[in-house]
Amino acid sequence: MKGMTSPIFGNLDWTVTPYTDLLQQVNSSTIVSAGAASVLVLGGIAVLVLFTWMGWWGPLYRNWLTSPDAKKIGIMYVTLALIMLARGIIEGFVIRAHQATALGTLARPESGLVSPDHFAQLFSTHGTIMIFFVAMPLLIGLINFVLPQQLGARDMAFPVLNQISLGLTASGAGLVMISLLLGKFGTGGWTMYPPYTGKDFSPGEGVDYWLWAILISGMGSTLTGMNFAVTIFKKRAPGMHFMRMPLFCWTSLCVAIMLIYAMPALTVSSAMLALDRYAGFHFFTNDAGGNMMNYANIFWMFGHPEVYILILPAFGVFSEISSTFSGKRLYGYTSLVIASMSIAVISFTVWLHHFFTMGQSAGVNIAFGIATMIIGVPTGVKIYDWMATMWRGRVRITTPVVYLTGFFLLFVIGGLSGIILANPSIDYQVHNSTFLVAHFHNVIIPGVLYGMLAGIHYWFPKAFGFRLSETWGRRTALLFVGGFIFTFMPLYVLGLMGMPRRSPTFQNPDFMAWMYIAAFGGVLMLCALASLVWTFWTSYRNRLALAVPGGDPWNGSTLEWSTPAPVPEWTFPRIPHVDKRNDWGEKKRAGDPWKGPETYTDIELPANTALGLLITGGSFALGFAMVWHIWWLAVLCCLALPGLVALRGMRLIEPKIIPAAQVEEADRRFRQQVASLAPASRADEETERNRGVPDISEFAG
Amino acid sequence: MTKPNTGHINPQESAASEIKSYATGFVISLILTVGAFAALLSDLPNTWKVVVICTAALLQIVTHMRNFLHLSFSGNQSREDLLLVLFSASLLAIMAGGTWYIMSDLSGRMHQTGESGSSSHRALAAYSNNGKPQQVWLSNVPLSRN
Amino acid sequence: MSENSLYPGLNLGDKHGDAHVQAESTVFGFWVFLMSDLIIFGILFAGYASYLDPIGLAGGPGPKELFDINSVAIQTVLLLVGGVAYAGVSLTVKYGHGRGNLVAWLLVCAAFGAGFLFFEVRDFISQAGKGGTPQVSGWLSSYWTLGGLHGIHVFCGILWIFAMIGQVATRGIDDVVKVRLSMLGVFWHFLDLIWVGIFSFVFLVPLA
């Protein structure tokens, strides 16, 4: 590490693993980092052995990794996100555990489970992972799975590009994961503010890991945004006017717009920082005309829309489930559409509130403070709309509704603390304190995490053909709600008491009581994670009892519930014609919704391709080579990546054709099965009588 | 120009009008480019030079979009594409304008205005006098927010 | 232009049937992607403006010492002519004037693009010789990044042109190739558009 850069291995050598540190010094910090690296290595080996033992490599390659099917890509995104979520939650727990033991004394100022540098890596990876590799893949995955089905489209506009986007996100995640074993991650927080993260103050590979993970996955997100936008603009089923689209599609459109226009800012700020670090440029350095304030400015130009990129799909999910699980039409559809679009646009005008204290004059702060308060209005409209949707409905307390209730209670608190922070003079008092940490966890966890988990619970049967266990689902939801309250409410108090964020140690014994409560909350969050895993496992074991072959377990009203569960590769035997908003609900009200099409035609689907996989490997190798200064590999990847695309361009690619007879046979079988299954009323929704065929005399929301 | 371009019309005629459109665009762009360079080399006051250059640039961008990229308000789809451009332009204006607003305000408070920032003014003077870069920003390291 | 225009750039028209329809979503998607690219350039422009002050110059050479207005004028003309030359490609495809003409027009575009790059690189080299490397000041960093990014775009455009020549040679002018040529056209004209911003705001305004 300290020596010369080798022409073959760059800066890599045997001393970069945490085991070297452990050998040099055995303490809780080195044990934790070596333990984490071991979990990564052993986990990798376990997966290799398991897949080889079960002979899963072939099916994995043929059915998943090379598939351009948006539904499968969506499921892979969500899987990636859940794996990263496990690491993120465990890191969050270690952060809490550290701070609960971090009370220093004047004689011994540093204390706690891990060393200050290790602690800084923890909060940096925790933030990076949770935002870029949990929240983003969760929502992109869910949109990938749901959007084409709700629009009545067979697939995304650009299926192969979709695969490449997934590949780029996965290789970014891979870079963050490999930093557990090889070298260190950056210590500048998830925002990596220079000049601290410049070459002068942060030499070494840490910041570079972050930069390349962000640049590569950011490229994937931009392409995804473009793909979503084109799908919504050009691939809607006939008759699906904009104002007939389900609300989830509207929020996906907002996400697409924000991805397209916000991700470039992140790309620019990261690329500038990379130029500073690699080529000695002076964008953000202390000397030679650099201006690190510009980094904050550009980063948050991305950062604030990003917040709404995260939250809007959850708003879409809540719109769907509030209507479905109360058996009512969505209240105020138009107002929700207008509110979503306003949020999408206003979110580009508030970025300065992330750096009120940077030193600009009061006038600038006031302008952005007012814009920030304004964006609270459409959000408030939405909350009222959902409550009005549920008002006097036949609400079933299913897992998604538990999440929704938790969201109502907690998100409003988080939103209000946001309005408090939008006032610059108050922000000056509490900025950079744990009050802020509490605030953004208070919007992101109830918003994104609850929303996405509710969405997973809601659409899981569509993907795999069986429902998730309601009992365990509700337990998980309650644990996440309780875990949140215990972990983050104390941080509000601590922030007001003057506890700075990201602080590896403190000397005020008054903090301790609150720290213990927060650490207990961390334990609850770990339990929630375990319970989530158990929910999937126990539901898988009971999959026969929970099967819903009829495909419509919740008596839904949007198009995706008209198909079997699990949904076939071609989604619709024939592209449906849409006459009304909530078309499937209206068809059920009109009677005999499960009428098959009279004629079937051949279905053309994009052929499987290994391009995405190759791009994943290439971009991961590129990032890894740049991090460790392995220049020959970087050059090789820079040539190989465009080369792969150019080579594919030369070839004629035949689509995969599903013959009409096969579609007809499968579809007829589905129709017969629906006819043979007994319809289940809402009262029976959670029982084994629910086979996915609802009682159509009940109102489908 | 706004005739429906179906297979029925004479392709030669349509090609001629398309070539004419490209040629018009080329000539206008050339005139605007020459105008911008001429303004720079002329004896106009500086403000007017900047005004002429910016106006010429905007007009030339419009010409490129109209004559080369074929965006217009006629035809549903090209209207949609043009609206997309206008939407992008307004978001860009928010971002670029906001950057300018924020950064010039900051720079005004931190370095340049003589009355309000006397100490940093001295730092600037020291900075430009000896010509070597110094660390003038250190006291203003931004505090990190989420 | 015409009522059935489906996407930016010169449309293939109904005669081309499937290709025309396919191009709708593909070229539209590419256009959306370019809008994202536009934001990247826009932020770099704003950054360039914010570094253009005595602090950003940091005692290094400034616009007056480094910029060669004649060379900028030559680059502008080369790129403008190269951009308009793409009309030849679009019209050849649309009216089916054959592979030979198409490749010739593509080569003309590539040649003008290469000419532009030649002068731009020559400028960069002479600026570096005058002590104007990007490592000298914040302003020079942003100038090199903005100009360099545009240059890289032009370079990619040239590579794309050769890739398209390869595709025309191997698979002929089929529907997919037509759609890709439409995308390339939009890209090529877009580079021109960005250059209008660069020569006006990066070169001329600071010199005024």
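Me: How many helices and strands does chain C have?
Reply: It's a predicted model, and in it chain C comes out with 7 helices and 0 strands. Read from the N terminus, the order of elements is α-α-α-α-α-α-α.

Me: And what does the C-alpha trace of chain C span along its principal axes?
Reply: About 60 × 30 × 25 Å for chain C.

Me: What share of chain C's residues is buried?
Reply: Buried residues account for 58% of the 208 in chain C.

Me: What about contacts in chain C, how many join residues at least 24 apart?
Reply: Counting contacts between residues at least 6 apart in sequence, 77% link residues at least 24 apart.

Me: Switching to chain A. At what angle do α5 and α8 of chain A pack?
Reply: About 130°, with the axes 10 Å apart. Here α5(A) covers residues 116-151 and α8(A) covers residues 247-279.

Me: Why call α5(A) and α8(A) oblique to each other?
Reply: Roughly antiparallel needs an angle over 145 degrees and roughly perpendicular means 65 to 115, so the pair α5(A) and α8(A), at about 130°, counts as oblique.

Me: Left-handed or right-handed crossing, for α5(A) passing α8(A)?
Reply: Left-handed.

Me: Which residues make the contact?
Reply: From α5(A) you've got Leu139(A), Ile143(A), Val146(A), Leu147(A), Gln150(A) and Leu151(A). On the α8(A) side they're Phe248(A), Cys249(A), Ser252(A) and Val255(A).

Me: How many of those are nonpolar, polar or charged?
Reply: The contact between α5(A) and α8(A) has 8 nonpolar residues, 2 polar ones and no charged ones.

Conventions:
Residues are numbered from 1 along each chain as its sequence is written. Chains are lettered from A and ligands numbered from 1 in the order in which they are written. This is a predicted model: local features need pLDDT of at least 70, side-chain atom pairs count only at pLDDT 80 or more; totals for chains, interfaces and linings use all residues. Helices (H or I, at least four residues) and strands (E, at least two) are DSSP runs, numbered from the N terminus. A residue is buried if 20 or more other C-beta atoms lie within 10 Å of its own, exposed if 12 or fewer, and partly exposed in between; C-beta atoms are placed from the backbone. Two residues are in contact if their C-beta atoms, placed from the backbone, lie within 7 Å. Axes are lines fitted to C-alpha atoms, for helices over the stretch in contact, and angles run from 0 to 180 degrees between N-to-C directions. Angles under 35 degrees count as roughly parallel, over 145 as roughly antiparallel, 65 to 115 as roughly perpendicular and the rest as oblique. A crossing is left-handed if the near helix is turned anticlockwise from the far one by less than a right angle, and right-handed if clockwise. Ala, Val, Leu, Ile, Met, Phe, Trp, Tyr, Cys and Pro count as nonpolar, Asp, Glu, Lys and Arg as charged, and the others, Gly among them, as polar.
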